[in-house]
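Me: Hi! Could you walk me through a few spots in this one?

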Amino acid sequence: MCSCSRNWICTRYVTHDMAEGTTASGMSETTSECSQVKDLMDQPLSDGDTWYLIDLHWFNLWKKYAGWDKWDSSNVGDLTNHPGNIDNSVLMKENSKELKEHLTEDIDFALVPEPVWKLLFQWYQLAPGQEPIARKVVDHGMLTSYLRVEIYLTELKLAKYPEVEKTHLQKFSKRDTLENVEKVLREVFQIPENTNIHLWTKSSNQTYEELPMKKQSIQELSLMSNQTLVAEVQNEDGSWPRKSSYSKRSTAVVAYSSNRYSDGDSSSSRSVQPGRCGLNNLGNTCFMNSVLQCMSNTPPIQRYFLEERHWAELNKENPLGNQGEIAKAFADLLKAMWSGQHHSFPPRAFKLQVGRFAPQFSGYQQHDSQELLTFLLDGLHEDLNRILKKPYIELKDADGRSDEEVAREGWENYRKRNDSVIVDLFHGLLKSTLVCPECNKVSVTFDPTCYLSLPMPVKKERPVELYLARLDPEVKAMRYRVIVPKMGTILDLTEALSKLCGIPADHMIVADVHQHKFHQIFTNESSISQISERDVIYAYELPEKLGTPGTCCLSVYLKEVKTRNNYGYGSMFGVPFILQVPREGMDYDKLYRLIITRMKRYLKTVDEDPAAPTSADAVTNVPSSIPNSCESEMDTEEADLSLENGNEAHPMETNGIEPVANQSQPKRIFTMDLVNLSGNTSLGKLKQNGKPISLAAKNFLTCEWEPAVKEASYDAESAEDYNEDASSQQRVNVKKQVLQLKECLEVFTSIERLGADDAWYCPSCKKHVRATKKFDLWSLPEVLVIHLKRFSYTRSLRDKLDTLVEFPTRGLNMAPYIIDPNPTDAVYDLIGVCNHYGGLGGGHYTAYAKNKDDGSWYYFDDSSVSESSEDSVCTKAAYVLFYIQRNQNSRWIDNVRPPLTKSSPAPVHKTHAKRNSANDSEEEMDSS
């Protein structure tokens, strides 16, 4: 018996003072926990602080138990929702103390500051054998602060030349400098402090790149996990071992001067078609590479930077810019890609500058290519903005004026603050119309945009695989595959399953099974979006309608307990199941027989006589050497959940089947314990005293087996065996849909009602309303970027649409969608496509692009480049499309200053009269 302050809680390792059901004092204590944690959760990130990872399921269960959401007070203090010990096992690799890869905050785990962790640990403790998952806050910014909790450390392979294949794995923080790495290298390979060494990165193609700047951090150097760092030790005579086998060369286009050599074929060993240059993947940088290839093959952009027009327009003083560094790094990269000297090139310098000014793209996590493109266009614009001092401009509503007047005013005002080659080439004008549903107030604005983000009008359905456990215990589970609405409910799922299996939808209950327990038991109103592809879903047949008065559902877990009367020293096994039973009139023996009968198919029998009528034989013939584990009594009187006998047996006692005959003092193969949802907190063992048990609306019970009994009586292979319905073999059940680009454009320009989270403040009603909104195209730029909205995100679901959108490669006519009565040329031809393959988080980006010099299409897959064709670029992977006006008037070039020469003066930015000296400009160019 444990020494908890409330001794009716029978558990070995839960020392938290749990609330007493729904009593006033219990609710008081749990709400007190909630208020204490809420006060501390808003703590801001501070460099060097420690935060802790907690399994999101456990944290959400605690929130429900503690009353985090005021609207959901019915579960406050409900012991079935008691979270038990903090259990992070689901976050860890099997039989390891390392985190699983690709875990995501708010989907897999929650982050809590140290004061919150201390409170939760004090109240709930950690599950046995686990350690806290502590991580430091790291400033990922270089020029501006960008604080993040560093979830994953960078694991480097350390080696010493010449035995470069013998590596030592070592983890580092992104804040660690090359000096820290060198120190570890010297310790691992016993290199004396007074011995000079060179540090190199070694790529898979045997190319080496020297890392000379030892003050830079791992993040600044863009070093990635599993990258090999080689220490080259100087010979005693002052020479270097590899000096004779490579020739040093300076890479002028790299931000830091580096020496590179290759033990194999160099990526620049022979000339290639200019522009046909791959980009090395630096570690999940395919999203960046695909965008860079499309931008590189945009003819006006390529011309602007290769002619070095950017030098005359750099705006280093713009507070919204990047000191000109993004423009310079991008220009250097384009020069390398169009030099004709590289089959592939590492965009390390460009990534370094992106990480400096947009820390969200630092590190090696996968990102959205469209988000990177948005940053790049904005960064280039601000770095090249010809407006040095932006004037203040007060926005005006249309107030009944003509569209022509309002559009002209809006565009002129925008150009007074934004004037760059990016605006010249990429920016168009959208008309936005909002109408108040209450007072009919109409608000019209004209807003600039650098791309069109088009919704995809698809029929949103998804397949869900699940197992059906029938009432008949002799029947194996059956696996089905049903098609349901993506945004549907569990009722949609049970109705779809009902059509296949014949069981009424209201006679089934659906649950998510994880680690031999129920991760979640769904209601009919639960969203299907809560089910992910990797979830194991079970539907359980019920003898009566779900929610029938006088009945309740009893969730049954199987647990092997290795030490008697020590709750928690054991592990769950098998597949849990759900029984529908009467809330009154159920005693220990009836419940035990009901559970035994439910498991009869996979309980072993000593007597192999096939005519054995019931599983009772398996129970009574258990070897006598197995102890009778039912002898233990309730630990305390308070835990006696039995009631005085006064109710007749309910037909539900059989749960739709005939129970086995009662035996005289039968040997029990397990004891029963009421627990919480997670199965890690005992609410009291059930007594075998003949008294009826009063059950709550929802109940969780563990059947606790001793190892010898489990070995003798439980057939794991039979328990987990199942049959497959024909539907599970039909891999393609959702009818493939093909969209036309014009359908996406029509949806984009249609009227929609704003959601509750996007309500508009009506100046007439003086309140937020769900107005109707409509977009219209007023003017389009020379380079038209179209983003297909393939990704959707909700609190519980991240989804991608793989629908094929057919788009023209030539002659895209946008005139029907432009409402300007005097439009410019609106016919476009395709020049690039950014592709995304796979699902969210683990996908891959590539690009198709048309080379302006030879007119051929190429397929860019990181460092690999291959010839392609115009017919092959339209696929269901297409994500971002690049179009260019067919009849280019090249008016943009008229706004661009001529390239700087040694004799030409530096530029005079608009609204800025002071001239810089030509010498200053030359020094800037030379130093760059």
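Reply: Happy to; below we go through some cysteines, a helix pair and some aromatic rings. Keep in mind that this is a predicted model.

Me: Great. Where does cysteine 703 lie?

Reply: Cysteine 703 is part of strand β27, which covers residues 698–705.

Me: Is cysteine 703 buried or exposed?

Reply: Buried: the relative accessible area of cysteine 703 is 0%. A residue counts as buried under 20%.

Me: And what is cysteine 703 in contact with, leaving aside its neighbours within four places in sequence?

Reply: Cysteine 703 has contacts with Val556, Tyr557, Leu558 and Lys559, then with Ile595, and also with Phe670, Thr671 and Met672.

Me: How far apart are cysteine 703 and isoleucine 669 in space?

Reply: Their C-alpha atoms are 9.0 Å apart, while 34 residues separate them in sequence.

Me: How many disulfides does a search of the whole structure find?

Reply: The count is 0 for the whole structure.

Me: What about cysteine 34 and cysteine 277, buried or exposed?

Reply: Cysteine 34 is buried at 4% relative accessible area. Cysteine 277 is buried as well, with a relative accessibility of 1%.

Me: Changing topic: at what angle do helix α6 and helix α7 pack?

Reply: The angle is about 100°, and the axes are 9 Å apart. Helix α6 spans residues 299–306 and helix α7 residues 325–337. Because angles of 65 to 115 degrees count as roughly perpendicular, α6 is roughly perpendicular to α7.

Me: Which residues meet there, α6 to α7?

Reply: From α6 they are Ile301, Gln302, Phe305 and Leu306; from α7 they are Ala327, Phe330, Ala331, Leu334 and Lys335. By class, this contact of α6 with α7 has 7 nonpolar residues, 1 polar and 1 charged.

Me: Nice. Now the rings: how many aromatic pairs are there in the whole structure?

Reply: The search finds 29 aromatic pairs. One involves tyrosine 845 and tyrosine 879, with ring centres 6.4 Å apart and planes at 45°, so this pair is tilted.

Me: Which strands do tyrosine 845 and tyrosine 879 lie in?

Reply: Tyrosine 845 sits in β40 (residues 844–850) and tyrosine 879 in β43 (residues 878–885), so the pair ties together parts 34 residues apart in sequence. Tyrosine 845 is buried at 3% relative accessible area, and tyrosine 879 is buried at 1% relative accessibility.

Me: Which residues do ring pairs link into a cluster?

Reply: The cluster joins Tyr467, Phe518, Tyr538, Tyr540, Tyr557, Phe700 and Tyr722 through ring pairs.

Conventions. Residues are numbered from 1 along each chain as its sequence is written. This is a predicted model: local features need pLDDT of at least 70, side-chain atom pairs count only at pLDDT 80 or more; totals for chains, interfaces and linings use all residues. Side-chain values use heavy atoms; hydrogens and water are left out. Helices (H or I, at least four residues) and strands (E, at least two) are DSSP runs, numbered from the N terminus. Buried means under 20% relative accessible area, exposed over 50%, partly exposed in between (1.4 Å probe, protein chains only). Contact means heavy atoms within 4.5 Å. A disulfide is a pair of cysteine sulfur atoms within 2.5 Å. Axes are lines fitted to C-alpha atoms, for helices over the stretch in contact, and angles run from 0 to 180 degrees between N-to-C directions. Angles under 35 degrees count as roughly parallel, over 145 as roughly antiparallel, 65 to 115 as roughly perpendicular and the rest as oblique. Ala, Val, Leu, Ile, Met, Phe, Trp, Tyr, Cys and Pro count as nonpolar, Asp, Glu, Lys and Arg as charged, and the others, Gly among them, as polar. Rings of Phe, Tyr and Trp (its six-membered ring) pair if their centres lie within 6.5 Å; planes under 30 degrees apart count as stacked, over 60 as edge-to-face and the rest as tilted.
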